[in-house]
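User: I would like to go through this model in short questions and answers. Please keep to what can be computed from the atoms.

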Amino acid sequence: MTETDSPVFSGWPAEATAFLAELAADNTRTFWTENAHRYRAALLEPTRALAVALTPEFGPPRVFRPYVDRRFRPNADPYRTDTGITVAGPGGTPYVAVLSAQGLAVQVGHQVFDTGQLRRYRVVTSRRTWVRCS
């Protein structure tokens, strides 16, 4: 695929949130098999186009897969009821965009620090002077 062939991200169609709502209501293999073409058209293709658009600035992003890994969550529904993408910003800061039936959520920063990140965070915050506003 050349640069001129690359898909252009113009957002997700309204069908995307409709599909995710229906999938949340009927999270079965039967529904998925009958509607996988809708997933590809309304969710996967636009999300991959977003990945292509973000690659020059952030490097290759990770697009969420549609299946839940049930080895780690055995009681979870088999299919994700959202879609999204994550990229690494400056210093490895994660940027995440998640589309669900409820809408679009964007997150910048870590939800959970690993041991080294937590240690560095505590050092930096211990040096700050906090000013009480009354």
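User: What is the pattern of the chain along the sequence?
Analyst: This is a predicted model, in which local features need pLDDT of at least 70, side-chain atom pairs count only at pLDDT 80 or more, and totals for chains, interfaces and linings use all residues. Residues are numbered from 1 along each chain as its sequence is written, and side-chain values use heavy atoms, with hydrogens and water left out. Helices (H or I, at least four residues) and strands (E, at least two) are DSSP runs numbered from the N terminus, and the chain has three helices and four strands. Read along the sequence, the pattern is α-α-β-β-β-β-α.

User: What percentage of the residues in the chain is buried?
Analyst: Buried means under 20% relative accessible area, exposed over 50%, and partly exposed in between, with a 1.4 Å probe and protein chains only. The chain has 134 residues, and the buried share of them is 31%.

User: Which residues are linked in a network of salt bridges?
Analyst: A salt bridge is a side-chain nitrogen of Lys or Arg within 4 Å of a carboxyl oxygen of Asp or Glu, and the whole structure has three of them. In one, the closest N and O atoms of Arg38 and Glu15 are 2.5 Å apart. In another, Glu22 and Arg38 meet at 2.9 Å, N to O. The network is therefore made of Glu15, Glu22 and Arg38.

User: Which helices hold Arg38 and Glu15?
Analyst: The salt bridge between Arg38 and Glu15 ties together parts that are 23 residues apart in sequence, because Arg38 lies in helix 2 and Glu15 in helix 1 (residues 14-25). Respectively, the two residues lie in helix 2 and helix 1.

User: Where does Ala36 lie, and how many Å separate its C-alpha atom from that of Phe19?
Analyst: Ala36 lies in helix 2 (residues 29-58). With a relative accessible area of 12%, Ala36 is buried. Phe19 is 17 residues from Ala36 along the chain, and their C-alpha atoms are separated by 9.9 Å.

User: How many Å separate the C-alpha atoms of Thr28 and Pro78?
Analyst: Thr28 lies in the loop between helix 1 and helix 2. Its relative accessible area is 32%, so Thr28 is partly exposed. Thr28 and Pro78 are 50 residues apart along the chain, and the separation of their C-alpha atoms is 7.2 Å.

User: How many charged residues are in the lining of the largest pocket?
Analyst: The lining includes Arg65, Asp69, Arg73, Asp77, Arg80 and Asp82. Ala, Val, Leu, Ile, Met, Phe, Trp, Tyr, Cys and Pro count as nonpolar, Asp, Glu, Lys and Arg as charged, and the others, Gly among them, as polar. By class the lining has four nonpolar residues and one polar residue, and the number of charged residues is six.

User: Which residue forms a salt bridge with Arg80?
Analyst: Arg80 is one of the residues lining the largest pocket. Arg80 has a relative accessible area of 28%, so Arg80 is partly exposed. At 2.8 Å between the closest N and O atoms, the partner of Arg80 is Asp82.

User: Is Val108 buried or exposed?
Analyst: Val108 lies in strand 4 (residues 103-108). Its relative accessibility is 59%, so Val108 counts as exposed.

How values were computed: 1 Å grid on protein atoms, 1.4 Å probe; cavity = no way out; pocket = protein on both sides within 12 Å on 5 of 7 lines; lining within 4 Å.
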